[in-house]
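Welcome to this short briefing. Have a look at the chains first, and then we can walk through some features together.

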Amino acid sequence: MFQRILSFGARRRLASLIFLLVCSCAAATGLPRLAVDTGFNSLISDTHPDKAVYDRVSKEFGSDNATIVFLRDPELWSVGKLAALDRLHRRLEKLPFVERVESLFSLQSIREAEGELAAQALLPEVPKEQAEVERARDDALANPLFVGNFISKDGAATAINLTVREDRADDNFDRKATDAIEAALSPARGDFEQLFQVGPPRINAELKSSLFDDLILLGPLSTLALTLSILLFFRSGFAALIPLITASLSILWTFGMMGHAGIPLNILSAMLPSLILVIGSTEDAHMLAAYFQGVSGEDEEVAGDRKKAVGFMLRHMGVPLVLTVLTTGLGFASNLFSDIGLIRDFALASTFAIFINGVITLLVVPMILATFGPLSNKLFAAHAKSKGMTGALVRFFDYAATHFSGLTLAVTGGLCLFFLYFAAQLYVTNDPLSYFRTDHPLVAQTHRVHRDLAGIKVFYITLESDREKAFQLPENLEKLRKIKKFLDSQKVFDKSLSVADHIGLVNREFHGGNPYYDRIPASRELAAQYLMFFHRRDLEKVLSRDLKRANIVVRHNITDSHTLNRYVSELKKAVNEIAGSEIRTHVVGENLMVNRSAETLLVAQVESLGLLLFIIFLMMSAMFTSFKGGLIALIPNLVPITLMFGFMGLAGIPLNPGTAMVAVIAVGIAIDDTIHLLSRYNELCRRTSDYAEAVRQTVHEEAAPVISTSLALVLGFGMLLFSNFNIVAQFGALSAATMLFAIISDLLITPIIISRVRLVGLSQILEMDVSRKVLEESPLFQDMSYYQARKAVLISKLGEYRTGDVLVEQGTSGRSMYLILSGRVEVHRREEAGGEGSIHLATLESGEIFGEIGYIQESERTADVVAVEPVQALIFNYEKLKKDLKFFPNTVAKLNFNISRILGERLAEVVGGLKANKISAKGAWPDEEK
Amino acid sequence: MTFFSHSLRAILFLIAVLTVVPVGALELDGAGVMEEVFQRHRIAPYVYEEQTMVLLDGRGDGEERTRDVRHLRRYTRANGDGSLKHMMIFDRPEEIRGSGFLIHKSPDGEARATLYLPALKKKFQSVAQGGGRGGRFMGTDFALEDLVGEDPAAFRYVRAEDLQSDEIDYFVIDVFPQTERAKRMSAYGRRRHLVRRDNFYIARTDYFDRSDRFVKTRTHHNMKQVKGDLWRAESILMDHPGANHKSLIRVERRVFSPAYVPDHIFTRAWLAQNRLYDPDRLPPPSPPGSAARVPAE
């Protein structure tokens, strides 16, 4: 049944083709609906406790996201430059999406000079004389509300703050806004030494444009990497074509589904085409290798026949393919529960992509190969041992595993401990600017604004009181000053602004500009009277209309989420203490929530990884019918992840939305090779009692596909280094490194571990073609469940014999016992050794056993057992079962018990026979009983 | 008969013309219109007003928009020599009670402004002339120059194309600073008055900066005919779209009487000592023969 499902693509080619075409057309209709999301909301946890407060605070005090137009020129304070600044201000005002423009030309200055208080526009118009310019410059530099926000301390740089009315219904709003602002800046480019814009529209627009660049660049690069890998390992252009077809269909279906389901494309899902090409191709490569082995292999029945080769391929690769698709898909799916929309959307899309790629591969590859598949491949013409670099690696691993297994494990353990130490130094960041490469102009320009003015990142400290006009009260205003002092003492935040600064400024100017009076007045009345000097516009970011809530605007440039969160946590504590019990406090900001989500990244990473490892453990335990098997499958995959986290800590690569996914995705992919290795090892173990040899042979046979697919993955992930995004490049580099670690772990650590175990695959049990009657009726399996009997069968070795083959030769010694599964054998006893005459003792059929005495005690065989028709028999070797006793104690114990019973019955029969003087020679079959 | 009938026809025609078209209106230039405006509605020499000032910001709707309500008294006294004295004293809210502004405008247009904040304990603060160019009077959308009237001689009035809106005809007059002082002191490069043709009352003024860019609009509402040709608006709204903010002045009570604005009160000392509103003392007893009192709405 299972094989019939797997072979559907080969058996029903037309139906498969129609299905693929219909689904592709349906997917294509979803493409126009595919949206792109580079907004910051997808970086914020949906369940963030501050979200509701933030929404309320930002509604009251305005958004914390302002677009800044930065200008720098040593001659800024000259008539000509100010005229250019004024023209720029006016051009920006005319932009339809700009709600408010704040520049030197809109600021209200309060200053006492020559006994008169002037509360007026800092620059009501472009000055006509330099003296006016100097006066305005002095006023600006004397105003603490302006310095750092609108003008640099040296006066050479200034900012124009734009409040932008976002049109979220327009997908291209950010690009249009950025371009429109650029167009407004363009005529002034020659007027200032530096002139640029920074802020959400530009960041979003740059993210979007880099995302499209990534889509355009990474897809072809990955295609190139994939084609090269396939050509290198298969030397077949046809083979290179197949993964491209399956990947293209998978990409189309995935993006179509995203369009229909409303899952937006984000900076992570922009790498989906590359991931599908790279990860999907590994399954294609395994299938192609199996096909070529079949069509060019030693089996004459299969060789040269496409359909039979496809059947061969599906028999050998079907189950591992389904399992690996499942584990890889689980790797991606483990991020589905992330609180961060960016990761969740990517997890949805990528999980769908992996599973759908599995379906497409199972339909397309057999369909194409059954129709057009090459009839030979020289590389697979005969079993060839690994050569070249692969061969050298295999020899090295083999040598290390054979001669230094203990040392290898100890060194690996030591390395893991070493890297664990560095893994503990991991830090987390979720700063959108850190997504860009450090050489991106936006990053450099943001640093420039930070150096000259203050960081562009903003958060709010909001104080709320139930008391009427609470923030006219000097004691409450004083609290704002204290918080400011605490902020200053932290030395990490650039600038803060509150209504206390406004009142302090007026107080100072009412006292002749004496800095001593830059403080909160003693009476509420005076504070209220000072506030009359401010227009509501001047206060809307710092004071609520009813004066019950005050807001402190804090600017900074911290990119390390952990550092920011630590200082904010410290700040929150201090703010609470300063505010006292009557005042509620909130420290909120989109920037803070984005960074706070980074903390959940770490937790989510651990949870996802734990969940995935647990699921894989259960799967592998089921697959190998023992928890030990589950554990063994995990160990080789834990090593590369430990090394990867350690490497991140060592190299200072932060945990971010990109790198956070590496571990789970890498486990999902790396487990594939472990599955292939363990499956092959199990198969080989049925043929030999020399498990060390089985391990060696497993490594020799699987090294080439493991190394080739892993190197293809390394190359494919390596292509992500060309991404425009830091986080994608880091994801690629770390994934590639983890794949390399996985090669070493799979080929060095796995063999050492599996040589100490013996596993039976569930699929082997389920697929085993043994007559139920034989298992139920054979005395060997008495009191065993059907499942246990099949497992016992698998512990044994399967022997296949042609007519005339001698299974047991008289006069030889052997410790094996046989159970006939199918066919017939005859038992003959020769009168003398080398004599020609013989007595036919018995004819045995399926379900019957022979050779049990030799199994119990090493002794000379007393008769020949010859196949009289093709025979399948299970061989239970004493030495092998002795070894297996420790691996399968229950099953082997029951087997031994049953063997003892059989021997007991035999003994009873012998005793009975002696009495009847019908004794047959020891070890021979009493044919008259049959 | 012929003479009589001709004369009669001429008289009837003249009556008809005089009825349909205000005298000389068609021929009036900007200065002429404004002269008529000033003649009809010139600042009454003695005015006492009790005002409510409502500051509205652009956020929210309805009640949520109300940010700040202040109550103040305004005293205006124009002397025969062309000098003008203004005094504004805030009565509410409580915490700003007694804060006052005193403005003396000399016949040559020179103005001196003094601010008194009671919480500063008798400290007076001279304020830069006009409150500072481009400044906003006490957090409102009015500049000081918007509140103290204008000297016609300092400005040039140019009539633009007339306008009809909501079936009301308007003269459109552009006002430009003319004297050096006016050019220096005014924040505006131009103001545009919309003067009602029917009563020569300025219904609306648009303010433009020196680069002739629109700044704000002032509109007069609830106009009342005080006496003869004299009209007054009960509400004045200054809408400052750039700041997303509006300031409304509503006159709750207005009295035209020298007794309410005696000359001696326009001093710092009086302001400091008598700033608090005393309902028992105000309004002061009206001396015989004083101007008619205009009751509040």
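How many residues does helix α22 of chain A have, and how far does it reach from its first C-alpha to its last? Helix α22 (residues 627-651) has 25 residues and reaches 36 Å, close to the 36 Å expected at 1.5 Å a residue. Please keep in mind that this is a predicted model.

**Helix α22 of chain A**

- Along its course, α22(A) bends by about 30° at A:Ile635.
- A proline, A:Pro636, follows that bend within four residues.
- Just after α22(A) comes A:Gly652, with a positive phi of about 70°.

**A nonpolar patch on the surface**

- Seen on the surface, A:Tyr399, A:Phe404, A:Leu407, A:Val411, A:Leu415, A:Phe418 and A:Leu650 form a nonpolar patch.
- Together these residues have about 660 Å² of accessible area.
- Helix α14 (residues 405-423) of chain A gives the most to the patch, with four residues.
- A:Phe418 lies in helix α14, and this residue counts as partly exposed because its relative accessible area is 41%, between the 20% and 50% cut-offs.

**Chain B as a whole**

- Chain B has 297 residues, and buried residues make up 49% of them.
- Its secondary structure comes to five helices and 14 strands.
- Of the contacts in chain B between residues at least 6 apart in sequence, 50% join residues at least 24 apart.
- Chain B exposes about 14,400 Å², with carbon and sulfur atoms supplying 54% of that area.

**Salt bridges**

- Over all chains, a search of the whole structure finds 54 salt bridges.
- Side chains of opposite charge can pair when their charged atoms come close.
- An α-helix has 3.6 residues a turn, so residues three or four places apart point the same way.
- In helix α5 (residues 79-93) of chain A, A:Arg90 and A:Asp86 sit four residues apart, about one turn of the helix. Their side chains meet in a salt bridge at 3.1 Å, N to O. Are these two residues buried or exposed? Both A:Arg90 and A:Asp86 are buried.
- In helix α7 (residues 173-185) of chain A, A:Arg175 and A:Asp179 are also placed four residues apart, about one turn of the helix. The closest N and O atoms of their salt bridge are 3.0 Å apart. A:Arg175 is partly exposed, at 31% relative accessibility, and A:Asp179 is partly exposed, with a relative accessible area of 38%.
- In helix α4 (residues 180-185) of chain B, B:Glu180 and B:Lys183 lie three residues apart, about one turn of the helix. They form a salt bridge whose closest N and O atoms are 3.9 Å apart. B:Glu180 counts as exposed because its relative accessibility is 56%, over the 50% cut-off, whereas B:Lys183 counts as partly exposed at 39%.
- Salt bridges that share partners also join A:Asp86, A:Arg90, A:Glu93, B:Asp209 and B:Arg213 into one network.

**The surroundings of A:Asp538**

- A:Asp538 lies in helix α19 (residues 536-539) of chain A, and at 24% relative accessibility this residue counts as partly exposed.
- Which residues are in contact with A:Asp538, leaving aside its neighbours within four places in sequence? They are A:Gln108, A:His502 and B:Arg136.
- The C-alpha atoms of A:Asp538 and A:Leu107 are separated by 8.7 Å, although the two residues are 431 residues apart along the chain.

**Backbone details in chain B**

- Most residues other than glycine have a negative phi, and most peptide bonds are trans.
- The peptide bond from B:Arg92 to B:Pro93 is cis, with omega near 0°. B:Pro93 is found in the loop between β3 (84-92) and β4 (100-105).
- B:Glu167 is not a glycine, yet has a positive phi of about 65°. Its place is in the loop between β7 (155-165) and β8 (168-177), and B:Glu167 counts as exposed at 75% relative accessibility.
- B:Asn222 is not a glycine either, and has a positive phi of about 50°. This residue lies in strand β11 (residues 214-227) and counts as partly exposed at 43% relative accessibility.

How values were computed. Residues are numbered from 1 along each chain as its sequence is written. Chains are lettered from A and ligands numbered from 1 in the order in which they are written. This is a predicted model: local features need pLDDT of at least 70, side-chain atom pairs count only at pLDDT 80 or more; totals for chains, interfaces and linings use all residues. Side-chain values use heavy atoms; hydrogens and water are left out. Patches are made of residues with over 30% relative accessible area and no salt bridge: like charges are joined within 9 Å, nonpolar side chains (Val, Leu, Ile, Met, Phe, Trp, Tyr) within 5 Å. Accessible areas come from the Shrake-Rupley method with a 1.4 Å probe; for residues, only the protein chains shown count as cover. A salt bridge is a side-chain nitrogen of Lys or Arg within 4 Å of a carboxyl oxygen of Asp or Glu. Helices (H or I, at least four residues) and strands (E, at least two) are DSSP runs, numbered from the N terminus. Buried means under 20% relative accessible area, exposed over 50%, partly exposed in between (1.4 Å probe, protein chains only). The expected span of a helix is 1.5 Å times one less than its number of residues. The bend at a residue is the angle between axes fitted to the seven residues ending there and the seven starting there. Contact means heavy atoms within 4.5 Å.
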